[in-house]
Amino acid sequence: MNIHSYEKIWLVVAILLIVGFISTVTYGATAVGIDMVDDEGGTVNASALDEDPRFSEPRVERVGDNEYEAYVIAQQYIFKPDPITVPANSTVTFFITSPDVIHGFEIVGTNANTMVIPGQVAEITVNFNEPGEYGVVCHEYCGSGHHTMEGSVVVQPEDEFESGGDE
Ligand code: CUA
């Protein structure tokens with residue numbers, strides 16, 4: 001079989017494009033600081049969050065040296081707690097769920113960005129080094145108040161955190 005040389009060139013170009021596209025997707029999914037959200041946060045009864053040990057009281061809990069867990073509820077049209085207060089130089093694992101509809105949870109300026117699905121618990125870990133304040137936005141359309149749904153993460157200086165209190 002005789003393949004025309006132009007056709008050979010296009011065959012090679014097509015294969016290179018396919019390899020290139022697969023590489024960009026792989027890079028986007030695994031490059032530094034990027035972590036896909038999976039189902040390791042588990043599930044929860046969305047209609048009984050007030051009876052759930054993790055979510056009955058949305059809060060930040062210390063679980064180790066500089067390690068914290070934040071239990072967050074995203075609901076029409078607020079985040080609880082708000083603000084989410086954590087100390088500087090900490091690693092915070094957020095567990096987020098919703099009692100009503102699908103929301104988004106993005107901590108602007110960090111790697112944290114997930115959908116929040118009723119019945120599912122999204123889990124994301126973020127390092128906070130410097131004191132400061134980050135906006136939290138809902139980026140999934142969730143109803144008439146969607147555009148007003150925002151919260152914040154306040155990173156306090158370490159020595160102020162215990163006394164400064166939560167919420
Ligand atoms: Cu919640 Cu949009």
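**Reading the sheet and beyond**

Reply: Happy to, and keep in mind that this is a predicted model. Let's start with an open sheet of five strands, arranged in the order S4-S10-S9-S6-S7 with mixed pairing.

Me: Which strands are the edge strands?

Reply: Look for strands that pair on one side only: here they are S4 (84-87) and S7 (113-116). Going from one strand to the next, the twist averages 20°.

Me: What holds strands side by side in a sheet?

Reply: Strands pair through backbone hydrogen bonds, and the pairing can be parallel or antiparallel. You can see each kind here. S4 and S10 run parallel, joined by four bridges, while S9 (residues 132-137) and S10 (residues 150-156) are antiparallel, with six bridges.

Me: How do side chains sit along a strand?

Reply: In a regular strand they alternate between the two faces of the sheet. Take S4: Ile 84 and Val 86 are on one side, Thr 85 and Pro 87 on the other. These four residues are all buried, and both faces of S4 are covered.

Me: How many residues of strand S5 are buried?

Reply: Seven of the eight residues in S5 (residues 90-97) are buried, so this strand is largely enclosed by the rest of the structure. For its pairing, S5 runs parallel to S2 (residues 67-75) over seven bridges, and Glu 69 has Thr 93 as its bridge partner in S5. S5 also pairs with S8 (residues 122-128), this time antiparallel, through seven bridges. In that pairing, Val 92 stands opposite Val 126.

Me: Let's zoom out. How many helices and strands does the chain have?

Reply: Two helices and 10 strands. Read along the sequence, the pattern is α-β-β-β-β-β-β-β-β-β-β-α. The chain is more spread out than a compact globule, because its radius of gyration is 21 Å, well over the 15 Å that the globule rule gives for 167 residues. Its C-alpha trace spans about 80 × 35 × 30 Å along the principal axes. Buried residues make up 36% of the 167 residues.

Me: And the surface: which residues form a nonpolar patch?

Reply: Tyr 6, Ile 9, Trp 10, Val 13, Leu 17 and Phe 21 do, with about 690 Å² of accessible area together. Phe 21 belongs to helix H1 (residues 5-30). Its relative accessible area is 54%, so Phe 21 counts as exposed.

Me: What about charged side chains?

Reply: Opposite charges can pair when the charged atoms come close. The count here is two salt bridges. One links Glu 61 and Arg 59, at 2.7 Å from N to O. The other is between Arg 62 and Asp 65, whose closest N and O atoms are 3.5 Å apart.

Definitions and conventions
Residues numbered from 1 in each chain as written. Predicted model: local features only at pLDDT ≥ 70, side-chain atom pairs only at ≥ 80, totals over all residues. Heavy atoms only, no water. Pairing = 2+ DSSP bridges. Axes fitted to C-alpha atoms, helices over the stretch in contact; angles between N-to-C directions. Patch = residues over 30% accessible without salt bridge, like charges linked within 9 Å, V, L, I, M, F, W, Y side chains within 5 Å. Areas by Shrake-Rupley, 256 points an atom, 1.4 Å probe, with all protein chains shown as cover. Salt bridge = Lys/Arg side-chain N within 4 Å of Asp/Glu carboxyl O. Buried < 20%, exposed > 50% of the residue type's maximum accessible area, 1.4 Å probe, protein only. Rg over C-alpha atoms; globule rule 2.2 N^0.38 Å.
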